[in-house]
Amino acid sequence: MIIILIMKTKTITKKGEQMTKQQTVTVLKPYVDNTVNLKFANVADLGDEIKGYDFNPKRTDGDCYVQGIVRDKGELDKGYGCYEIKLTKRVWNGFDVTDKTEDKIFFIPMELDFMEFDTRVQKVGK
């Protein structure tokens with residue numbers, strides 16, 4: 001269980017004159033993982049290699065995907081459940097463009113609202 005600490009400041013007022021005192025209060029709040037029920041949430045763990053498709057390869061002329069090692073997973077301050085991967089391979093329209101890709105960190109969503117298909121995220125290896 002992960003616990004989040006929240007710091008608060010409290011102002012105290014005395015009758016007739018204002019006196020302020022800053023007080024730090026620690027509020028413990030349990031972390032709730034909202035990503036556990038997403039479609040591809042349990043495909044991989046940290047250290048696994050996954051492949052995430054941009055488009056369904058059955059409906060396009062060439063493959064479009066990123067492949068990499070999972071560095072982190074969850075909401076990750078993105079506002080949606082995703083995998084953070086370190087790129088090992090990137091293919092666009094069937095061509096390997098890994099060497100031409102400057103950014104080596106990618107985020108693969110665990111579920112999409114639009115154009116989702118059953119093999120969009122796959123575990124490739126450990």
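Which side chains meet in a salt bridge at 3.0 Å, N to O? Arg71 and Glu84. Keep that pair in mind. One caution before we go on: this is a predicted model.

So, the pair. Arg71 sits in strand β4 and Glu84 in strand β5, 13 residues apart, and the bridge links these distant parts of the chain. Arg71 is partly exposed, at 46% relative accessibility. Glu84 is buried, at 14%. The cut-off for buried is under 20%.

What surrounds Glu84? Leaving aside neighbours within four places in sequence, Glu84 is in contact with Ile69, Val70, Arg71, Asp72, Leu76, Ile105, Phe106 and Phe107. Take Phe107. Glu84 and Phe107 are 23 residues apart in sequence, yet their C-alpha atoms are 4.6 Å apart.

Next, the other salt bridges. The total count is 5. I'll show two more.

Asp118 and Lys39 meet through their side chains at 2.8 Å, N to O. Asp118 is in the loop between β7 and β8, and Lys39 is in the loop between β2 and β3, so this bridge ties together parts 79 residues apart in sequence. Asp118 is exposed, with a relative accessible area of 63%. Lys39 is partly exposed, at 40%.

Then Asp45 with Lys73. Their closest N and O atoms are 3.6 Å apart. Asp45 belongs to the loop between β2 and β3, while Lys73 belongs to strand β4, so the pair ties together parts 28 residues apart in sequence. Both are partly exposed: Asp45 at 48%, Lys73 at 28%.

Now the core. The largest nonpolar core has 13 residues. Which of them touch the most other members? Ile50, Val66, Val70, Tyr83, Ile85, Ile108 and Val121. The elements giving two or more residues are β4, β5 and β7. β5 gives the most, with 3 residues. Strand β5 also holds Glu84, from our opening pair.

Zoom in on Ile108. Beyond its neighbours within four places in sequence, Ile108 is in contact with Ile50, Gly52, Val66, Gly81, Cys82, Tyr83, Ile85, Arg120 and Val121.

Cys82 is buried, at 0% relative accessibility. Cys64 is buried too, at 3%. How many disulfides are there? The count is 0.

To recap. Arg71 and Glu84 form a salt bridge, with Glu84 buried and Arg71 partly exposed. Asp118 and Lys39 tie together parts 79 residues apart.

Note on methods:
Residues numbered from 1 in each chain as written. Predicted model: local features only at pLDDT ≥ 70, side-chain atom pairs only at ≥ 80, totals over all residues. Heavy atoms only, no water. Core = buried A, V, L, I, M, F, W, Y, C linked by side-chain atoms within 4.5 Å. Buried < 20%, exposed > 50% of the residue type's maximum accessible area, 1.4 Å probe, protein only. Helix = DSSP H or I, 4+ residues; strand = E, 2+ residues; numbered from the N terminus. Contact = heavy atoms within 4.5 Å. Disulfide = S-S within 2.5 Å. Salt bridge = Lys/Arg side-chain N within 4 Å of Asp/Glu carboxyl O.
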